[in-house]
Amino acid sequence: NCEAGKASSEEGRTTPCPACPEGTSAPAPGLPSCPTCPAGTYSNNPDGATNCALCGIGKYASAAQSTSCDDCVAGSFNLVQGSVTCEKCPAGQKM
């Protein structure tokens, strides 16, 4: 069985399992593949991630399998972790 953060569908594997690629994770041992991180999350551990991290406040990841989160551009914001977009600031306000 592969440890968390690594995966292989090869039965009876005698060599170490490959690490999950960035943008994916294997939260439990023994998985046959590394599930893709959903939009709003990311992973960037070259040794294999055991979870996908939520993008922080003021950041977003619009696509699945992200390896990082982007900052909201000037004039936009978000106030929750795990955002997939940023909202435009209301007229007369800025962040």
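In this report, a residue is called buried under 20% relative accessible area, exposed over 50%, and partly exposed in between (1.4 Å probe, protein chains only). The model is predicted, so local features need pLDDT of at least 70 and side-chain atom pairs count only at pLDDT 80 or more, while totals for chains, interfaces and linings use all residues. Residues are numbered from 1 along each chain as its sequence is written, and side-chain values use heavy atoms, with hydrogens and water left out.

Asn78 belongs to the loop between strand 5 and strand 6, yet Asn78 counts as buried because its relative accessibility is 5%.

The side chain of Asn78 reaches the backbone nitrogen of Gly58 at 2.8 Å. A polar atom of the Asn78 side chain also lies 2.8 Å from the backbone oxygen of Lys59. Residues touched by Asn78, not counting those up to four places away in sequence, include Ile57, Tyr60, Cys72 and Cys86 (contact means heavy atoms within 4.5 Å).

**Salt bridges**

The structure has 2 salt bridges, each defined by a side-chain nitrogen of Lys or Arg within 4 Å of a carboxyl oxygen of Asp or Glu. In one, Asp71 pairs with Lys59, the closest N and O atoms being 2.5 Å apart. This pair links distant parts of the chain, with Asp71 in strand 4 (residues 70–71) and Lys59 in strand 3 (residues 59–60), 12 residues apart. Lys59 is partly exposed because its relative accessible area is 31%. Glu10 forms a salt bridge with Arg13, with 2.9 Å between the closest N and O atoms.

**Disulfides**

A disulfide is a covalent bond between the sulfur atoms of two cysteines. The structure holds 5 disulfides, identified as pairs of cysteine sulfur atoms within 2.5 Å. Among them are the following.

| Pair | Sulfur–sulfur distance |
|---|---|
| Cys2 and Cys17 | 1.9 Å |
| Cys20 and Cys34 | 2.1 Å |
| Cys37 and Cys52 | 2.0 Å |

Cys2 and Cys17 are both buried, as are both Cys20 and Cys34. Cys37 counts as buried because its relative accessibility is 0%, whereas Cys52, at 22%, counts as partly exposed. With bonded cysteines counted along the chain, the disulfides follow the pattern 1-2, 3-4, 5-6, 7-8, 9-10. Cys89 is in no disulfide, and the nearest cysteine sulfur, that of Cys72, is 8.9 Å away.

Notes:
Helix = DSSP H or I, 4+ residues; strand = E, 2+ residues; numbered from the N terminus. Polar contact = N/O pair within 3.5 Å; in protein donor to acceptor, adjacent residues only side chain to side chain.
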